[in-house]
Amino acid sequence: MSQPLILIIEDEASLRRFLVPALANNDYQVLTAATGADGLAMARSHNPDIILLDLGLPDLEGGKVLQSLRQWSRKPIIIISARNQEKDKVQALDLGADDYLTKPFGAEELLARIRVALRHATQAALDTPVLQCGSLRLDLERREVSMDGVPVRLTPLEYRLLEALAQRAGKVATHAQLLNEVWGPVGAGQTHYLRIYMGTLRRKIEPDATRPRYLLTEPSIGYRLNVD
Amino acid sequence: MALGSEARTLRLVHTGFRMAREQGRPWVAVHVEVPGWETPAEADQARVWLQEASELGAETAWLRAATVSEGLIEEGGRRGVAQVVMGRTRPRGPWDRLEHSRSQEAIRRSLGVRIVTLPLDPPTVRTRTVQTGADLLGVALVIAALFTALGFPGIPPVFALGVGYVAHRWGRAFSVPASLAAMAIFVTRFITDPFPFQPEDWTNGLYLAGALAMTQMVVLLVDRLHLETRLLRRREAETLLVMLLGRALGRCSTAREVALVLAERLRGLFQAQAWLLFPGEGDGWLSLPEAPEAPASPRPTDLLPQFSDAASRAEPFEPLFLGSCTYVALAGPGGAEGLLQLRLEGGRPLAQESWGLFQSLAVQSTLALERVRWLEAAQQARLDTESERMRNTLLGAVSHDLRTPLAAIQGAATSLMLPEPLPEATRLDLLAMIRDESQRLARLLSDLLDLTRLQSGAIRIQKEWQLLDEVVGAAVLRMEASNGPLPILVDLPESLPLVPLDGALMEQVLINLLGNAHRHAPQSPVELRAWEEPGAVQLEIADRGPGIPAEFHQRVFDKFFRMPRDLKDGGVGLGLAICGAIVKIHGGAIWVENRPGGGARFRISLPLEGLPPAQLETDHLPPTLKATP
């Protein structure tokens with residue numbers, strides 16, 4: 001895939017002014033839309049490889065745009081939102097957004113998120129069963145976890161949690177998504193289950209549990225398995 | 001202390017209070033309810049006295065017993081009292097006196113205590129009685145002298161006195177049979193010649209008519225005396241009630257309290273329920289107390305015009321009676337404060353004799369309401385001044401702290417745009433400066449917003465049961481992401497319980513505290529520890545920096561406060577204020593101490609409130625599931 005196409009749906013001109021050259025300079029083709037309606041139309045006509053969507057659009061609620069997009073597209077969508085919009089972010093992620101960026105953000109952070117999202121999209125297609133990040137190796141097919149080649153023994157729930165994070169490697173997974181995938185419907189709302197298991201998982205995987213390197217916390221939102 | 005239900009009882013209460021204070025002892029006020037002896041009105045009145053006593057520091061008791069002395073003996077024995085103070089009205093005859101001393105003797109013997117009896121008859125009434133008695137005697141003597149001068153014996157005045165006494169003692173109705181009996185005795189005993197009584201004898205007829213007229217005159221005088229005494233007593237009781245109400249209202253600081261005091265006192269006074277109607281927020285009217293609910297009334301705004309100035313000044317003042325309730329406007333110089341709604345038992349109107357009292361209570365209530373309103377206004381004014389001062393400080397601090405990074409960004413950007421190419425190193429330096437200063441601006445703005453929202457209550461805390469490890473980990477990671485690896489030593493025992501906290505907010509607290517510690521002691525490690533205490537988890541962040549002088553231990557948590565030595569470090573003095581606000585909405589406490597061996601030590605105590613979440617399903621390492629084959 002040479003020169004992936006990025007659609008930016010963002011109403012603030014100054015932000016577009018910063019995003020367009022930054023992305024174009026990094027070998028992306030860029031399209032912009034200033035309203036939700038325009039964005040939806042351009043998404044249909046151009047079928048971009050990745051979409052950056054601002055949650056605070058003047059004409060349509062970000063959530064609505066997201067829902068419409070998700071009805072027909074599985075392409076990665078990254079949410080751009082202001083601080084203190086945690087609820088909206090979680091909602092958007094639960095509705096199928098892949099990741100989020102909080103304003104203000106730097107160009108490096110933006111590029112890193114885009115890379116992860118695109119890689120994930122291609123990886124999902126390849127269906128790689130082995131995930132290697134740093135010393136951590138996770139073989140989803142053989143259900144094996146090891147650190148620097150040393151096997152790590154996990155309980156079934158711990159493994160299921162790590163697996164759920166690995167399926168979104170590099171991207172954020174919300175509390176609700178993880179609870180649903182690991183505990184099923186009984187887990188709904190029981191975030192403390194998640195916190196306790198994340199605690200034990202960290203003690204087994206992280207060299208220093210208070211400075212997590214792999215299992216990162218996204219406050220009020222969820223967790224992220226760091227693959228960098 | 002034994003309390004009766006008469007208005008004079010207040011003197012007994014006050015005497016009891018004085019004696020207890022002089023002797024430095026606790027005291028108990030007791031009302032003995034003897035079934036069938038008091039009306040509900042008197043019982044309500046007695047409750048008012050008991051309340052007065054309890055406000056003066058007495059324990060109070062309400063007893064039911066067959067006789068007063070029985071009740072007192074039982075209660076006195078239970079509490080082991082040392083002294084009994086009883087009020088006593090003038091004995092009404094020898095039997096009453098005997099009864100009094102018998103019951104006193106019984107109490108003395110049973111409890112083995114001293115009894116103090118306090119005469120309760122108001123002195124004013126006694127002098128009046130004596131004076132009227134003297135008047136009567138004078139009239140009787142004059143008449144006797146007149147009769148003697150006319151050649152009749154001076155006996156009739158003595159009878160007249162007797163009849164007068166009967167009227168005084170048992171009322172006017174008894175005076176008629178008494179005067180007839182007196183006449184019968186007089187006719188049969190003293191008119192011996194001629195006998196039997198000859199009606200044709202005009203002197204005898206005159207004699208009898210004179211005697212009858214005289215007795216009736218005496219009876220009339222006595223009757224008036226009674227009426228006046230009654231009125232006097234009632235006025236005394238009313239004055240007392242108005243005074244007590246005034247005092248109770250004086251302690252109220254909100255309209256709600258005024259309404260409660262009024263409802264309570266008016267229940268005791270008129271055996272009626274009372275409500276205060278006054279304007280609330282917006283157009284609505286409030287009716288207090290809420291329970292019991294006030295009966296439906298016309299809109300207060302429709303009622304108020306009926307209390308025109310002239311109407312409320314009319315003599316006698318007439319309250320408005322509508323439906324089943326009596327109303328009076330509470331109108332002060334500042335306009336109408338509200339309405340007082342009174343519902344007497346059975347929904348009857350207020351008796352005319354109580355109108356005056358009702359009005360004076362309304363005046364008292366108006367004053368109380370006005371006072372409350374001014375109090376609120378004064379408080380609001382103080383708050384306004386305070387927030388105005390805050391705003392000025394904020395503007396001053398913000399304008400300076402916003403301008404500095406903006407100036408740097410503008411300067412760097414314009415330098416980069418100069419036509420002369422800059423050396424690569426300078427160019428990169430300016431770009432880094434733009435990045436750093438914009439980050440500083442962003443931080444300052446978010447701090448300001450956070451604090452404003454925290455203090456205005458706009459941030460809703462979302463407590464969840466969490467492991468401290470995770471919050472600490474997130475904070476440390478975020479700090480190291482922007483500063484590189486930091487010497488932070490974390491010591492969190494694995495046995496720490498889950499703590500109910502808002503992760504995002506508490507992370508902010510930790511970042512601020514760790515950041516401060518690191519800034520003041522960049523070379524030495526910052527130590528973060530936590531441990532469990534009964535009902536709380538304690539967190540400690542300790543550094544080896546210069547420490548904080550004791551006089552600033554409180555003030556460092558104030559907005560925009562900066563210690564003199566930190567004035568140049570680029571901070572604005574919001575970090576610790578934010579920490580304080582966040583810990584406060586968690587229901588916890590934050591403080592700073594000097595660390596033994598030098599440095600500062602911040603402590604946070606977070607309450608472990610509520611039930612910890614339910615146990616998880618069991619999840620073991622299964623022997624079959626090996627991580628490696």
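Q: Is the crossing of helix 13 of chain B and helix 16 of chain B left-handed or right-handed?
A: This is a predicted model, in which local features need pLDDT of at least 70 and side-chain atom pairs count only at pLDDT 80 or more, whereas totals for chains, interfaces and linings use all residues. Residues are numbered from 1 along each chain as its sequence is written, and chains are lettered from A and ligands numbered from 1 in the order in which they are written. A crossing is left-handed if the near helix is turned anticlockwise from the far one by less than a right angle, and right-handed if clockwise. For helix 13 of chain B and helix 16 of chain B, the crossing is left-handed.

Q: How many Å apart are the axes of helix 13 of chain B and helix 16 of chain B?
A: Helices (H or I, at least four residues) and strands (E, at least two) are DSSP runs, numbered from the N terminus. Axes are lines fitted to C-alpha atoms, for helices over the stretch in contact, and angles run from 0 to 180 degrees between N-to-C directions. Helix 13 of chain B and helix 16 (residues 575-585) of chain B pack at an angle of about 35°, and the distance between their axes is 10 Å.

Q: How many nonpolar residues does the contact of helix 13 of chain B with helix 16 of chain B have?
A: Two residues are in contact if their C-beta atoms, placed from the backbone, lie within 7 Å. Leu451(B) and Leu454(B) of helix 13 of chain B and Ile578(B) and Ile582(B) of helix 16 of chain B are among those that make this contact. Ala, Val, Leu, Ile, Met, Phe, Trp, Tyr, Cys and Pro count as nonpolar, Asp, Glu, Lys and Arg as charged, and the others, Gly among them, as polar. Besides 1 polar and 2 charged residues, the number of nonpolar residues is 7.

Q: Which helix gives the most to the side of chain B that touches chain A?
A: The contact takes 28 residues from chain B and 28 residues from chain A. Elements that give two or more residues to chain B's side include helix 13 (424-455), helix 14 (468-483) and helix 15 (503-520) of chain B. With 7 residues, the one that gives the most is helix 14 of chain B.

Q: Which residue is the bridge partner of Ala542(B) in strand 17 of chain B?
A: Two strands pair if DSSP finds at least two bridges between them. Strand 15 (residues 536-542) of chain B pairs in the antiparallel sense with strand 14 (residues 526-533) of chain B over 7 bridges, and 7 bridges also join strand 15 of chain B to strand 17 (residues 600-607) of chain B, again antiparallel. In strand 17 of chain B, the partner of Ala542(B) is Arg601(B).

Q: Why is one side of strand 10 and of strand 11 of chain A left without a neighbour in the sheet?
A: The open sheet has 3 strands in the order 10-12-11 (chain A), with antiparallel pairing. Strand 10 (172-174) and strand 11 (215-218) of chain A stand at the edges, so one side of each lacks a neighbour in the sheet, since each has a single partner strand.

Q: How many of the 5 residues of strand 1 of chain A are buried?
A: A residue is buried if 20 or more other C-beta atoms lie within 10 Å of its own, exposed if 12 or fewer, and partly exposed in between, with C-beta atoms placed from the backbone. Strand 1 of chain A pairs in the parallel sense with strand 2 (residues 29-33) of chain A over 5 bridges, and 4 bridges join strand 1 of chain A to strand 3 (residues 50-54) of chain A, also parallel. Strand 1 (residues 5-9) of chain A is mostly covered, and of its 5 residues the number buried is 4.
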